[in-house]
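Please read them beside the sequence and the model.

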Amino acid sequence: PSSRPCRCIDRQPLAASPNPSPVPVVHYVVVRADLPHGVQVAQTAHAVGDSCERRHPQGTIVVALAVPDETTLHKIAQALGAQSQTYALVVENEGPYAGQAMAIGVLPTTDRAAVRRAVSALPLVR
């Protein structure tokens, strides 16, 4: 068996950027509940990364919500658009889920009310 050298990287923790607002920043993520758990986790990570413009400020709250299927995910995307919310719809480009919408990451916001109008009926991810 061949061995490959392992390269370890010493990563220092980055300081979180301060939140100048007394209102917390909330980062909403919506993922399909009909996906296997590992796929849900991976797609949630994609949605968070795709919907961030910069590092989260200190004290950011992340809310992970579930929808039953792809059709409902598209409906939530439309509802977010109707509320003028900026979001990233993650669409898988390969494998068994190629072409399917998998998750949504909403641009972190202090305007929770606007996002809630689109997602208030959704349960938390379990």
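1. Buried is used here for residues under 20% relative accessible area, exposed for those over 50%, and partly exposed for those in between (1.4 Å probe, protein chains only). The model is predicted: local features need pLDDT of at least 70, side-chain atom pairs count only at pLDDT 80 or more, and totals for chains, interfaces and linings use all residues. Residues are numbered from 1 along each chain as its sequence is written, and side-chain values use heavy atoms, with hydrogens and water left out.

2. Helices (H or I, at least four residues) and strands (E, at least two) are DSSP runs numbered from the N terminus; two strands pair if DSSP finds at least two bridges between them. Four strands form an open sheet with mixed pairing, in the order β2-β1-β4-β3.

3. Seven bridges link β1 (residues 26-32) to β2 in the parallel sense, and His27 has Val62 of β2 as its bridge partner. β3 and β4 run antiparallel and are joined by five bridges, with Tyr87 opposite Val106 in β4. On β3, Ala88 and Val90 make up the covered face, while Tyr87, Leu89 and Val91 are on the uncovered one.

4. Which face of α2 carries Lys75, Gln78 and Ala82? These exposed residues are on the face turned away from the buried side of the helix. The buried residues of α2 are Leu73, Ile76, Ala77 and Leu80. They line one face of the helix, because they fall within an arc of 105° seen down its axis (the arc is that of the directions from the helix axis to the C-beta atoms). Their cover includes β1, β2, β3, β4 and α3.

5. A nonpolar core is a set of buried Ala, Val, Leu, Ile, Met, Phe, Trp, Tyr and Cys residues joined through side-chain atoms within 4.5 Å. The largest has 17 residues, of which Tyr28, Val30, Ile76, Leu80, Ile104 and Val119 touch the most other members. Two or more residues come from each of β1, β2, α2, β4 and α3, and the largest share, four residues, is from α2.

6. With contact meaning heavy atoms within 4.5 Å, Ile104 touches residues including Tyr28, Ala47, Leu73, Leu80 and Leu89, not counting residues up to four places away in sequence. Another core, of five residues, lies apart from the largest one; Val29, Val31, Ala47 and Ala103 are among its members.
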